[in-house]
Amino acid sequence: LLHVGIKGYEVPEADLPSANLVFLIDVSGSMQSPDKLGLLKASMKMLAKRLAPEDRLAIAVYAGAAGTVLESTPGSDRARILASIDQLTAGGSTNGGAGIRLAYSLAEQGFMKEGINRVILATDGDFNVGTTDTQALKNLVEAKRESGVALTVLGFGGGNYNDALMQELAQIGNGNAAYIDTLNEARKVLVEEIGATLNTIAKDVKIQIEFNPATVAEYRLIGYETRHLERRDFNNDSVDAGDIGAGHTVTALYEIALTGSTGNLIDPLRYGEKDNGSNRSSDSELAFLKLRYKLPESDTSELITRPIDRSEIIGDLRGTSDNYRFAAAVAGFGQLMRGGEYTGDFDLVAAATLADGARGTDPFGYRGEFLGMIRTADALAGPVDAGGDPENVATR
């Protein structure tokens with residue numbers, strides 16, 4: 001596994017710019033459960049208690065129609081903000097398009113030139129009235145991002161949750177997306193990692209890796225299906241990509257097979273690419289990493305490059321970092337839950353063992369929570385009844 005990690009520089013919470021936030025809350029009937037609107041209200045209260053007096057917060061809702069629950073209010077007026085959160089109730093069908101228009105309008109009215117301007121969409125992802133065409137929603141968010149207002153998407157609940165659409169809307173809106181299923185996760189996103197959630201330090205971040213065919217026979221990127229870019233788009237500054245917040249980390253994992261190793265799935269090409277004298281001619285390099293990003297106020301990207309040398313290979317898994325091994329456990333578990341097409345003998349027990357050995361200090365228990373998720377999946381896997389064939393939750 002080739003592990004590529006990026007981390008944005010951290011900004012102390014006290015140094016974060018003032019924030020102009022608009023919560024756009026889905027109050028349709030599908031949100032009427034404790035793990036949706038109930039959890040959302042508790043999450044909003046945690047954020048409200050961290051607002052500085054210079055920050056401002058507004059609340060808009062949408063169901064059959066869109067409306068304003070709280071006009072832009074200073075963070076010092078906490079009682080008014082908390083009372084507005086308490087009065088939120090669910091009912092009706094969903095008109096997401098009208099709500100997004102209203103939320104951006106409120107954000108533009110309270111725009112802070114030197115501050116953070118962001119719409120925070122909280123939903124279970126069920127758009128069924130009004131602007132239901134996903135392309136129309138994307139076009140709307142894309143047009144609004146030019147105003148300088150970013151979009152964060154917080155997902156709640158299951159069943160009808162459309163994660164791919166929520167991730168894509170956030171990316172198009174120069175923002176980020178998070179799925180919240182517990183108060184612990186809400187605290188992580190809205191308190192512990194508030195800088196990464198709200199304060200963008202780089203936009204349109206693109207990673208491209210060129211593998212050296214002299215040393216790497218095969219490779220594949222694990223995950224990121226919704227973030228894939230064409231090769232020609234890397235140098236095109238007009239093509240939108242993901243953003244990075246202060247202290248935000250991004251991890252990419254590639255599975256590679258070295259030239260001459262066993263287990264390759266692809267036969268060598270009869271008419272392979274010829275060496276044209278480029279940097280890949282050296283057998284000492286595995287790959288060449290390129291990173292493009294734009295500063296928040298710039299439309300021109302900057303480039304960082306770095307060769308990845310064969311000497312950097314760590315042959316013994318025990319010699320790798322906790323972050324490396326934990327990321328491998330997460331990637332392996334994710335693939336098992338999607339059918340395990342390329343996982344070989346790696347199973348849920350192996351994923352749990354790998355994650356358990358890479359927990360490190362884990363001050364907030366996030367890695368322990370993930371380990372519990374693997375063990376729950378393993379406990380659920382197995383025979384459905386005495387006479388039936390074994391069914392694995394990972395396959396389902």
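A residue is counted as buried when its relative accessible area is under 20%. In this predicted model, Phe211 has a relative accessible area of 9% and is therefore buried. Under the 20% cut-off, Tyr366, at 19% relative accessibility, also counts as buried. Phe364, with a relative accessible area of 36%, is partly exposed.

Five aromatic pairs are found in a search of the whole structure. Phe211 and Tyr219 form a stacked pair, with 4.3 Å from centre to centre and 25° between the planes. Ring pairs also bring in Tyr254, so that Phe211, Tyr219 and Tyr254 are linked into a cluster. The pair of Phe364 and Tyr366 is tilted, because the ring planes stand at 35°, with the centres 5.7 Å apart. Tyr366 additionally has the charged end of Lys188 over its ring, 5.1 Å from the centre. A further contact of a charged residue with a ring involves Arg367, which lies over the face of Phe326 at 4.5 Å from the ring centre.

Strands of a sheet pair through backbone hydrogen bonds, in either a parallel or an antiparallel manner. Strand E5 (residues 116–123) and strand E6 (residues 150–155) run parallel and are joined by six bridges. Within this pair, Ala122 is placed opposite Leu154 in E6.

In soluble globular proteins, nonpolar side chains tend to be buried together. The largest nonpolar core of the model comprises 35 residues, and those with the most contacts inside it are Leu21, Phe23, Ile25, Leu40, Met44, Ile59 and Leu154. At least two core residues are supplied by each of E2, H1, E3, helix H2 (78–86), E5, helix H6 (183–192) and helix H7 (194–198). H1 contributes the largest share, six residues. When residues up to four places away in sequence are not counted, Ile25 touches Leu37, Leu40, Met44, Ile59, Ala60, Val61, Tyr62, Leu88 and Ala122. Another core, of 23 residues, lies apart from the largest one and includes Ala58, Val119, Leu121 and Ala170.

A separate description applies to the open sheet of four strands, which has the order E10-E8-E12-E13 and antiparallel pairing. Strand E10 (242–245) and strand E13 (302–309) stand at its edges, each with a single partner strand, so that one side of each lacks a neighbour in the sheet. On average, neighbouring strands of this sheet are turned by 35° against each other, direction ignored. Strand E8 (residues 200–211) runs antiparallel to E10, and three bridges join the two. Thr200 stands opposite Gly245 in E10.

Key: Residues are numbered from 1 along each chain as its sequence is written. This is a predicted model: local features need pLDDT of at least 70, side-chain atom pairs count only at pLDDT 80 or more; totals for chains, interfaces and linings use all residues. Side-chain values use heavy atoms; hydrogens and water are left out. Two strands pair if DSSP finds at least two bridges between them. A nonpolar core is a set of buried Ala, Val, Leu, Ile, Met, Phe, Trp, Tyr and Cys residues joined through side-chain atoms within 4.5 Å. Buried means under 20% relative accessible area, exposed over 50%, partly exposed in between (1.4 Å probe, protein chains only). Contact means heavy atoms within 4.5 Å. Rings of Phe, Tyr and Trp (its six-membered ring) pair if their centres lie within 6.5 Å; planes under 30 degrees apart count as stacked, over 60 as edge-to-face and the rest as tilted. A charge sits over a ring if NZ of Lys or CZ of Arg is within 6 Å of the ring centre and within 35 degrees of the ring normal. Axes are lines fitted to C-alpha atoms, for helices over the stretch in contact, and angles run from 0 to 180 degrees between N-to-C directions.
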